[in-house]
Amino acid sequence: MKELPKRIIFGVLFAVVVAAGALFQPLYHLLMVFAIFWTLHEFYTMSMGEKAFWAERILAILSAEALYLLMVLFRAGIIWDLSLLALAFIPIIVLAVFPIWRKDHSQHGKLAFIFAGLGYVGYPLAAVIPLLVDSWNPFKAWTLLALLVTVWGSDVGAYFIGTAFGQKPGSIKIAPAISPKKSLWGLFGAVLFGIGLAVGAHYLGVFDWPVYHCIAIGAIASLGGLLGDLVESMWKRYFGVKDSGNLIPGHGGLYDRLDSIIVALPISAIYLLIFGLIR
């Protein structure tokens, strides 16, 4: 209980920073650049230690940041040719060949974590978030905020309903080897809250899509959020750590706070693109 006030205070501050960033474009871009850098830093510190393979880490972070920049420029209409996104992968080519000239090759198996970090953390943030916020359409900032509220709110539903009903003997667990407390009741709570929040955003005029699409987005975002949480739990259990870092007092690292959206937003964006609900 001693941690609860700290968790509440810094949780509220984190929410305020996210809201301010989504609604004020320059701050939003600065926050995204920092989020990509720091979540990758946390992943690489968990997987390889504080300073190992620092040059390869820099190249990987440059690749993710370049992809984000190019996606923002594309969404803003400054660049029109999608093939220019290939420029973001130049650091990856350098990363692939750079280790050839290292003297010690005994630890090079760990370089797989460099690419894992990009696939699980860096590229999803860099490629997908710009699809949901258009620099020329401030209203879309509210769309992103509502999606974030849907994902994080579904986590609240999973906690309360999962705690109330999912911890009883005989309750079915989703992934007991990774997260023993997560149950089907928690999944039900997440989807229920996610749909409720998405439909609420529709009637508030934020999600200007037919209500059946909002129901689908609520379910997809909540499921994606749960999967993102499980993916990070899988990595933390493998690396033997409790938190990804200590950036946010009472909450752990930034990856701990963004794990759900790293999966939820990409699959939500895919759904919205398939049905032509965002462009």
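Apart from its neighbours within four places in sequence, isoleucine 172 is in contact (heavy atoms within 4.5 Å) with Ser183 and Leu184. The model is predicted, so local features need pLDDT of at least 70 and side-chain atom pairs count only at pLDDT 80 or more, while totals for chains, interfaces and linings use all residues. Residues are numbered from 1 along each chain as its sequence is written, and side-chain values use heavy atoms, with hydrogens and water left out.

- Isoleucine 172 lies in the loop between α6 and β1 (173-175); helices (H or I, at least four residues) and strands (E, at least two) are DSSP runs, numbered from the N terminus.
- Isoleucine 172 counts as exposed because its relative accessibility is 53%, where exposed means over 50% relative accessible area, buried under 20% and partly exposed in between, with a 1.4 Å probe and protein chains only.
- Between isoleucine 172 and leucine 132 there are 35 Å in space, C-alpha to C-alpha, and the two are 40 residues apart in sequence.
- Glycine 162 belongs to helix α6 and counts as buried, at 5% relative accessibility.
- Beyond its neighbours within four places in sequence, glycine 162 has contacts with Gly157, Gln167, Ser183, Trp185 and Gly186.
- Glycine 162 and arginine 57 are separated by 105 residues in sequence and by 38 Å in space, C-alpha to C-alpha.

**The largest cavity**

- The whole structure holds two cavities of 30 Å³ or more, and the largest has about 60 Å³ of space.
- On a 1 Å grid over the protein atoms alone, a cavity is a set of points where a 1.4 Å probe fits but cannot get out, and lining residues have an atom within 4 Å of a point.
- Grid points are joined across faces, edges and corners, and a volume is the space filled by probe spheres set on the points.
- The lining of the largest cavity consists of Val151, Ser154, Asp155, Ala158, Ala190, Ser222, Gly225, Leu226, Asp229 and Ser260.
- At least two residues of this lining come from each of α6 (139-165) and α8 (211-239).

**Two lining residues**

- Serine 260 sits in helix α9 (residues 254-274) and is buried, because its relative accessible area is 9%.
- Leaving out neighbours within four places in sequence, serine 260 touches Val151, Trp152, Gly224, Gly225, Gly228 and Asp229 by contact.
- Aspartate 229 is located in helix α8 and is buried, with a relative accessible area of 17%.
- With neighbours within four places in sequence set aside, the contacts of aspartate 229 are Asp155, Lys182, Asp259 and Ser260.

- Of the 21 residues of α5, 16 are buried, and the helix is mostly covered.
- Gly186, Gly189, Ala190, Gly194, Ala198, Val199 and Ala201 are the buried residues of α7.

Methods. On a 1 Å grid over the protein atoms alone, a cavity is a set of points where a 1.4 Å probe fits but cannot get out, and a pocket is an open set with protein on both sides within 12 Å along at least five of seven lines; lining residues have an atom within 4 Å of a point.
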